[in-house]
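Here is a short briefing on one protein chain. Please keep the sequence and the model open side by side while reading.

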Amino acid sequence: MKTLITILLSISILSCERQNHDNNLYNEKLKSENELLKHKNDSLKNELNKANLKESYWFDAEYEGLKLTERGIKKPEQFIINSLQKKPELIPLKPALGGKMEFGNFKILSDEWIIVDYSDGHVEGKTIYSYKLNKNNTLEFKILNTTQPK
């Protein structure tokens with residue numbers, strides 16, 4: 001009887017160890033897939049922003065971007081977007097459920113205004129910002145108007 005209990009206990013322990021090993025492998029695989037999906041998502045966002053720049057009806061880099069190019073900024077649209085992306089604190093809505101607010105689509109409307117949407121996956125909004133180029137070739141943004149979540 002002791003032998004049978006010892007055998008059953010050994011089988012149970014080995015089974016649990018195998019299951020833990022399998023769970024660890026599965027978790028590592030999920031982490032890897034999650035990182036890959038995050039990378040793909042970021043790449044798609046960048047491509048979307050590039051496509052939006054190419055289709056810009058409102059902003060003509062040769063005309064509205066003149067102030068920037070005269071100051072040595074080669075790609076005015078990308079400069080404006082990158083400058084705003086570095087300032088997530090300018091998103092006027094707070095995230096929900098532990099999320100993180102991130103900028104989404106950008107539309108440069110003129111040499112003074114840009115409209116941007118943002119979301120945390122639950123709460124989303126849009127804001128029109130004014131911007132101006134400072135003496136040190138940085139942009140200063142000011143919120144003109146924003147949507148309120150419903």
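Serine 110 counts as buried, because its relative accessibility is 11%, and the cut-off for buried is under 20%. The model is a predicted one. Serine 110 sits in the loop between β1 (102–108) and β2. The points below start from that loop and then take in the rest of the chain.

- A polar atom of the serine 110 side chain lies 2.9 Å from the backbone nitrogen of glutamate 112.
- A polar atom of that side chain also lies 3.2 Å from the backbone nitrogen of tryptophan 113.
- Neighbours within four places in sequence aside, serine 110 is in contact with Phe59, Glu64 and Tyr131.

**Aspartate 120 and its loop**

- Aspartate 120 lies in the loop between β2 (113–119) and β3 (124–133).
- Is aspartate 120 buried or exposed? Aspartate 120 is buried, because its relative accessible area is 11% and the limit for buried is under 20%.
- The aspartate 120 side chain reaches the backbone nitrogen of histidine 122 at 2.7 Å.
- The aspartate 120 side chain also reaches the backbone nitrogen of valine 123, at 2.6 Å.
- Leaving out neighbours within four places in sequence, aspartate 120 is in contact with Pro95, Ala96, Gly99, Lys100 and Met101.

**Residues with positive phi**

- Leucine 97 is not a glycine, yet it has a positive phi of about 50 degrees.
- Leucine 97 lies in the loop between α3 and β1.
- Leucine 97 counts as exposed, because its relative accessibility is 75% and exposed means over 50%.
- Asparagine 137 is not a glycine either, and has a positive phi of about 60 degrees.
- Asparagine 137 is found in the loop between β3 and β4 (139–146).
- At 26% relative accessibility, asparagine 137 counts as partly exposed.

**Strand pairing**

- β1 and β2 pair in the antiparallel sense, over five bridges.
- A hairpin of four residues joins β1 to β2.
- Which residue in β2 is the bridge partner of phenylalanine 103? The partner is tyrosine 118.
- β3 and β4 run antiparallel and are joined by seven bridges.
- Leucine 133 has leucine 139, in β4, as its bridge partner.
- β3 and β4 form a hairpin with five residues between them, and asparagine 137 is in the turn.

**Helix α3**

- In α3 (residues 76–85), the residues Pro76, Glu77, Ile80, Ile81, Ser83 and Leu84 are buried.
- Why are these on the same side of α3? They cover an arc of only 160 degrees around the axis, so they fall on the same side of the helix.
- An α-helix has 3.6 residues a turn, so residues three or four places apart point the same way.

**The nonpolar core**

- The largest nonpolar core has 20 residues.
- Of these, Ile80, Leu84, Phe103, Ile114, Tyr129 and Tyr131 touch the most other members.
- The elements that give two or more residues to this core are α3, β1, β2, β3 and β4.
- Which residues does isoleucine 114 touch, not counting those up to four places away in sequence? Ile80, Leu84, Phe106, Lys107, Ile108, Leu109, Thr127, Ile128, Tyr129, Tyr131 and Phe141.
- Ile80 and Leu84 are buried residues of α3, and isoleucine 114 touches both.
- Tyr131 is in contact with serine 110 and with isoleucine 114.

**The whole chain**

- The protein has three helices and four strands.
- Along the sequence, the pattern is α-α-α-β-β-β-β.
- The protein has 150 residues, of which 22% count as buried.
- Among contacts between residues at least 6 apart in sequence, 43% join residues at least 24 apart.
- The accessible surface comes to about 11,400 Å², and 56% of it belongs to carbon and sulfur atoms.

Terms used: Residues are numbered from 1 along each chain as its sequence is written. This is a predicted model: local features need pLDDT of at least 70, side-chain atom pairs count only at pLDDT 80 or more; totals for chains, interfaces and linings use all residues. Side-chain values use heavy atoms; hydrogens and water are left out. Buried means under 20% relative accessible area, exposed over 50%, partly exposed in between (1.4 Å probe, protein chains only). A polar contact is a pair of N or O atoms within 3.5 Å; within protein, one must be able to donate a hydrogen and the other to accept it, and residues adjacent in sequence count only if both atoms are side-chain atoms. Contact means heavy atoms within 4.5 Å. The arc is that of the directions from the helix axis to the C-beta atoms. Two strands pair if DSSP finds at least two bridges between them. Accessible areas come from the Shrake-Rupley method with a 1.4 Å probe; for residues, only the protein chains shown count as cover. A nonpolar core is a set of buried Ala, Val, Leu, Ile, Met, Phe, Trp, Tyr and Cys residues joined through side-chain atoms within 4.5 Å.
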